[in-house]
Amino acid sequence: MTTENTEIDKELDDATLENNANGEQLIVEELSLEEQLTKDMAVEKDKFLRLFAEFENYKRRTAKERMELFKTANQEVLQALLPVMDDFDRALTEIKKTDDNILIQGVELIQEKLRNTLISKGLEEVEVKIGDIFNADFAEAITQIPAPSPNLKGKIVDVIEKGYKLGDKIIRFPKVVIGN
């Protein structure tokens with residue numbers, strides 16, 4: 001036998017013959033135990049890395065969702081307190097018409113305490129002023145009136161109700177009157 005035939009015979013000894021669906025004999029090479037274990041380990045390592053990456057993505061996503069939840073968890077309570085803030089503003093406006101400085105100071109103190117508490121929870125006032133250009137993304141137009149001066153056409157003429165935001169989200173739009 002030649003060297004070439006000896007190598008082929010050795011390879012055939014390491015292989016087994018199997019029949020496929022058509023009845024043809026196929027040569028299937030048997031892997032050594034070490035090669036099979038290495039192959040299995042590579043497959044399991046790939047599964048592990050994919051599972052690890054998926055878990056890391058899950059942790060990041062849930063951490064982000066948790067932060068969003070904490071930011072807006074107070075939203076309902078803060079929205080319920082906004083009418084109280086409005087009432088304090090109206091009361092202070094009316095009380096300032098009197099000469100009772102002690103009453104004015106008392107109401108201002110309570111209003112400031114409430115405002116500071118709400119600000120510490122993330123509430124911010126949406127800044128709109130008379131003379132600003134109306135932007136529907138940041139304010140709600142209640143009505144339009146003839147502009148008192150030509151430079152107020154299409155601009156805010158009066159602010160009826162203050163607006164507030166929690167973080168970047170507006171939870172109550174300011175209500176304004178626009179000049180036309």
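The largest pocket in this predicted model has a volume of about 220 Å³. A pocket here is an open set of points on a 1 Å grid over the protein atoms alone, where a 1.4 Å probe fits, with protein on both sides within 12 Å along at least five of seven lines. The volume is the space filled by probe spheres set on the points.

Lining residues have an atom within 4 Å of a point; among them are Asp86, Asp89, Arg90, Glu125 and Lys162. Helix H3 (75-95), strand E3 (123-126) and strand E5 (156-161) each give two or more residues to this lining. Helices (H or I, at least four residues) and strands (E, at least two) are DSSP runs, numbered from the N terminus. By class, the lining has 4 nonpolar, 1 polar and 7 charged residues.

H3 also packs against another helix. The axes of H3 and helix H4 (residues 101-120) come within 10 Å and cross at roughly 155°. Angles over 145 degrees count as roughly antiparallel, so H3 and H4 are roughly antiparallel to each other. In their contact (heavy atoms within 4.5 Å), H3 residues including Leu78, Phe88 and Asp89 meet H4 residues including Leu103, Glu108 and Leu118. This contact has 13 nonpolar, 1 polar and 3 charged residues.

Residues are numbered from 1 along each chain as its sequence is written. Local features need pLDDT of at least 70, side-chain atom pairs count only at pLDDT 80 or more, totals for chains, interfaces and linings use all residues, and side-chain values use heavy atoms, leaving out hydrogens and water.

Conventions:
Ala, Val, Leu, Ile, Met, Phe, Trp, Tyr, Cys and Pro count as nonpolar, Asp, Glu, Lys and Arg as charged, and the others, Gly among them, as polar. Axes are lines fitted to C-alpha atoms, for helices over the stretch in contact, and angles run from 0 to 180 degrees between N-to-C directions. Angles under 35 degrees count as roughly parallel, over 145 as roughly antiparallel, 65 to 115 as roughly perpendicular and the rest as oblique.
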